[in-house]
Amino acid sequence: MSVRRSTIIFAWVLLLPAVFYVTVIVAYPLVDTFVLSFTDASLKKTTKWVGTANYDKIFNATFAEVILRTFVWTAFSVTIKMIIGTFGAVMLNAAVPGRALFRVLTMPPWIVPMAIGIFMWGWMYNGQFGMISGMLQNWGLVDGPVAFLAHGSTAFWATIVTDVWIGVPLVTLYMLASMQAIPQDLYEAAWTDGAGRFYRFRRITLPLLVPSMITMSMLSLIATFNSFDIIWILTQGGPNGDTTTMIIDTYRTAIGSKKYGEGAARAVLICIFLSIFCIAYFRVTHRLATGESR
């Protein structure tokens, strides 16, 4: 056996676990869901091929509102997380006393089990004994109890606040690591030339953080777009569907109503949207890499 052939065989042996994972854990369920979306699969014993009927059902005004709400919910949540996380990373990267302690204090929202953190926020949003409503009444900002999760507009923003609280620590740590990877020689040279702190941030830190910000935004976008726990624990998509996103609607259809075919069609649509996001991300990062290489 030639050396080249043995090297190729050894490489494939090393790749087998990854191939197995992609094939069995990712590819097969994805293909099965796609095929299921063209059937009337439910708790019935027989399953019929219905073509695009399941897709025809979801393309209506009601589901269009769900799609729009999902995009708005994701856009606000990701934007706020990136702004707060980046600002927090700048503060934690500054040479101030007690910096290590502040870094530790950013971790609890990420360390605490998600369900426990969400239940804590649900308690704070309660109108009768919740901390937020009580504080607003004590400050004279409201006349009576405010049930944040009982009204569509407040419930929508309450879920965003909770998602931001959970997601900010990861963004902060990621951006902090990216900042610390920037060569200090650049700052020393700018400082020698008399550049102020804001100028150094605007001309050195921010441009060099753009690739990291794009990557973190993409990761946060995928996680937020697929976020189920927060909305389901707090509101279950209510009141009156005002916090129902695509993932919640998919769960209700497939699991709640036992309409697996229609639920699979919704899942395929989510996959298509996320694939579009990923393609756009790869194109942007490719352009950045090409521009840097030039």
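In the predicted model, L269 makes contact with I58, F63, I67 and M246, when residues up to four places away in sequence are left aside. L269 also belongs to the largest nonpolar core, a set of 36 residues in which F63, M175, F225, M246, L269, F273 and F277 have the most contacts. At least two residues of this core come from each of helix 2 (53-58), helix 3 (61-93), helix 8 (152-180), helix 10 (197-225), helix 12 (246-256) and helix 13 (260-293).

Helix 12 contains a series of buried residues, namely M246, I247, I248, D249, T250, T253 and A254. After this helix comes K258, which has a positive phi, near 60 degrees.

Charged side chains are paired in three salt bridges. In one of them, R266 meets D249 with a nitrogen-to-oxygen distance of 2.5 Å, and the pair joins helix 13, which holds R266, to helix 12, which holds D249, across 17 residues of sequence. R266 counts as buried because its relative accessible area is 10%, and D249 likewise counts as buried because its value is 15%. Helix 13 also contributes E262, whose side chain forms a salt bridge with that of K57 at 3.0 Å; K57 lies in helix 2, and the two residues are 205 residues apart. Here E262 is buried, with a relative accessible area of 13%, whereas K57 is partly exposed at 45%. The salt bridge between D163 and K81, in which the closest N and O atoms are 3.0 Å apart, connects helix 8 with helix 3 over a separation of 82 residues, and both D163 and K81 are buried.

No disulfides are counted in the model. The cysteine sulfur nearest to that of C271 belongs to C278 and lies 8.8 Å away, and C278 is therefore too far from C271 for a bond. Both cysteines are partly exposed, since C271 has a relative accessibility of 29% and C278 one of 25%.

An unreviewed UniProt entry places the feature "transmembrane region" at residues 7-31, 71-92, 104-125, 155-177, 208-234 and 264-284. Over residues 7-31, the chain in the model is 100% helix and 0% strand, with 32 Å between the end C-alpha atoms. For residues 104-125 the corresponding values are 82% helix and 0% strand, and the end C-alpha atoms are 26 Å apart.

Conventions:
Residues are numbered from 1 along each chain as its sequence is written. This is a predicted model: local features need pLDDT of at least 70, side-chain atom pairs count only at pLDDT 80 or more; totals for chains, interfaces and linings use all residues. Side-chain values use heavy atoms; hydrogens and water are left out. A disulfide is a pair of cysteine sulfur atoms within 2.5 Å. Buried means under 20% relative accessible area, exposed over 50%, partly exposed in between (1.4 Å probe, protein chains only). A nonpolar core is a set of buried Ala, Val, Leu, Ile, Met, Phe, Trp, Tyr and Cys residues joined through side-chain atoms within 4.5 Å. Helices (H or I, at least four residues) and strands (E, at least two) are DSSP runs, numbered from the N terminus. Contact means heavy atoms within 4.5 Å. UniProt positions are given in the numbering used here, feature names are shortened, and annotations may be inferred rather than shown by experiment. A salt bridge is a side-chain nitrogen of Lys or Arg within 4 Å of a carboxyl oxygen of Asp or Glu.
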